[in-house]
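Here's a quick tour of a two-chain model, written for someone who likes the cut-offs spelled out. Take a look at the structure first, then read on.

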Amino acid sequence: MLITTPNLTRPDESYARLIATHEGLSEAESHALNARLILILMNHIGDEAVLAEAILLARDPSAV
Amino acid sequence: MKHDIPERYTLAFRLYPYAKSPDQDATTPVRHKAVVVGGGPIGLATALDLGRRGVPVVLLDDHEGAGLGSRALCFAKRTLEICDRLGAAKPMLAKGVQWNLGKVFHDDRLLYEFNLLPEGGHAFPAFINLQQPWFEKFLHDAIVAAQAEGAPIELRGKNRVDAVTPAADHVALDVMTPDGPYKVEAEWLIACDGARSPLRNMLGLGFDGRVFEDNFLIADVKMKADFPTERWFWFEPHFKSGDSALLHKQPDDIWRIDFQLGWNIDRAKELEPARIRARVDAMLGPDVDYELDWCSIYTFQCRRMERFRHGRVLFAGDSAHQVSPFGARGANSGVQDVDNLAWKLALVVEGVAPERLLDSYDAERVHGAEENILNSTRATDFITPKTPVSKMFRNAVLALAGSLPFARTVVNSGRLSLPCTYDGSVLNGADHPAMPARTRPGSPCPDAPLDRGWLLSRLGRGFTLMGIGLEVPKAMAGHGVALEGLSLAPTPELVARYLGGAERAVYLIRPDQHVAARWDHLDEAAVAAALARAIGKE
């Protein structure tokens, strides 16, 4: 089951790191990085049912 | 008066020259038990399987043998097992190129290698590469051998079906020959006349699906090269001969090269030998001597008929379903159609099984076609991404695949053909929870070495009752069907593939070597009930 309650150990640091890693990249490079990051995180999650929930939620954030 | 039956392609082997049949002079049309239309691999295999099962069968083909060009190339282990049951596999294995290793490249980087070699203890390799005309020739050789042993198979070359008229108890055909037209009737008609199926069109039946907007160039080249016997696949190759490229070895020093050309191309121009040579040169380098053996540009579609059975007409192979070539699921799935259909039709023709058994051919092979279309569509979407964002994710996967093994599981240059398991089929009977999932009802039996020979060579003449770790009767009968008993002592392979956590097992196995039901003890009443179910009597 997808965790939608707060779960980040250090929310501000993680978000800042995400933004910082895109510094100096072109838009195309940033998109490619995001794609790689999504794939890496998908593998970490692994569970197809959880991924399906996350993908649905991303498409329609009101569908919690 | 002589009539011309024009050849749509050049023959590699003239196998069944036209000869006038007595049917052509008959005053009323002669009615046959089964008529197969089409002399490709699926038509030949259908005639062979039916004939070996004792069903009188006539095959009509508008050509006199196997067409030139390699077309189908990769024949999978399950196909070889089926061909072995049909007495055709040994020369295929001797002539074909066996391969297990594949390499995947992106640009000029080797991303990874994979090995398709299955676990040990199988009679046949994962794949062989063999040009389609040879596959057809070996099936024809097996037909000739079967005929010599009395199998009622008749092949009629230069017999073109021009009209088909279904009736309640037969199908009437108008056939054109060099000696003019004649009429013939079939109790059952099997349409194996390919993706453009004239029979399907004459019957006004649909063939819907998805067209892929891409062109692929096949260049089969003859060269003495020391490339290893492996499947090499490039995404966005550095030599720029296409958006993707494939190199694969065939017998007789022929190599299959496949280039993805894109959608908006000038077909005639791309087929000019100089242009093809420029692409091949860029790929192989300037110092490699080769000659072009056979070239073709193809587009492809993933589609199927809604139903494969239309009364007394049964569609098999490309006439019923079509996939992209990635995954070798065309001819291999057609051979599985034959495997599924022949025993059922034989039991119906003998009057042992009700006609509705043939509806399970439709259900089981539609299921197989869906699986193949799904796999083939996914591979095609990965190889030829349809949107910028799809291409971005594809290339992200490739960027990770070199160093991260998880990403290799997503790379899809074709999920290579595996036999279909008929989960949920109405023919399936009891399952046992302690036994392995791979041999659940509906599964094709995995092979295993026995004291002498191989397990699969003991299965498939009719229904088999297989006991492992217990004795089953040598012969039983039920519902008009003979049941051959096979009692085996457990071996490590049989334990791993058939027993799992069970101490002993009884398997009811269909004539196509698929599991019908299984138990951990012998209960003859339960076996008889499962047998009734497996022949559509329940």
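In what sense do E14(B) and strand E17 (residues 254–262) of chain B pair, and over how many bridges? They pair in the antiparallel sense over eight bridges. Before going further, a word on the ground rules: this is a predicted model, where local features need pLDDT of at least 70, side-chain atom pairs count only at pLDDT 80 or more, and totals for chains, interfaces and linings use all residues. Residues are numbered from 1 along each chain as its sequence is written, while chains are lettered from A and ligands numbered from 1 in the order in which they are written.

**Strands of chain B**

Strands here are DSSP runs of E with at least two residues, helices are runs of H or I with at least four, and both are numbered from the N terminus. Two strands pair if DSSP finds at least two bridges between them.

| Strand pair | Sense | Bridges | One bridge or facing pair |
|---|---|---|---|
| E14(B) and E17(B) | antiparallel | eight | Ile218(B) with Asp258(B) |
| E5(B) and E9(B) | antiparallel | three | Ala76(B) with Phe127(B) |

E5(B) also belongs to an open sheet of three strands, ordered E5-E9-E6 in chain B with antiparallel pairing. Strands E5 (74–76) and E6 (97–99) of chain B sit at the edges with a single partner strand each, so one side of each has no neighbour in the sheet. From one strand to the next, the twist averages 30°.

**A helix pair in chain B**

Helix H1 (residues 41–52) of chain B packs with helix H4 (residues 132–148) of chain B at an angle of about 20°, their axes 9 Å apart. The axes are lines fitted to C-alpha atoms over the stretch in contact, and angles run from 0 to 180 degrees between N-to-C directions. That makes H1(B) roughly parallel to H4(B), a label for angles under 35 degrees.

Among the residues making the contact are Leu44(B) and Leu48(B) of H1(B), plus Phe135(B) and Leu139(B) of H4(B); contact means C-beta atoms, placed from the backbone, within 7 Å.

**Chain A**

Chain A comes to three helices and zero strands. Its radius of gyration is 13 Å, well over the 11 Å that the globule rule gives for 64 residues, so chain A is more spread out than a compact globule. That radius is taken over C-alpha atoms, and the rule is 2.2 Å times the number of residues to the power 0.38. The C-alpha trace of chain A spans about 35 × 25 × 25 Å along its principal axes.

Technical notes. Angles under 35 degrees count as roughly parallel, over 145 as roughly antiparallel, 65 to 115 as roughly perpendicular and the rest as oblique. Two residues are in contact if their C-beta atoms, placed from the backbone, lie within 7 Å.
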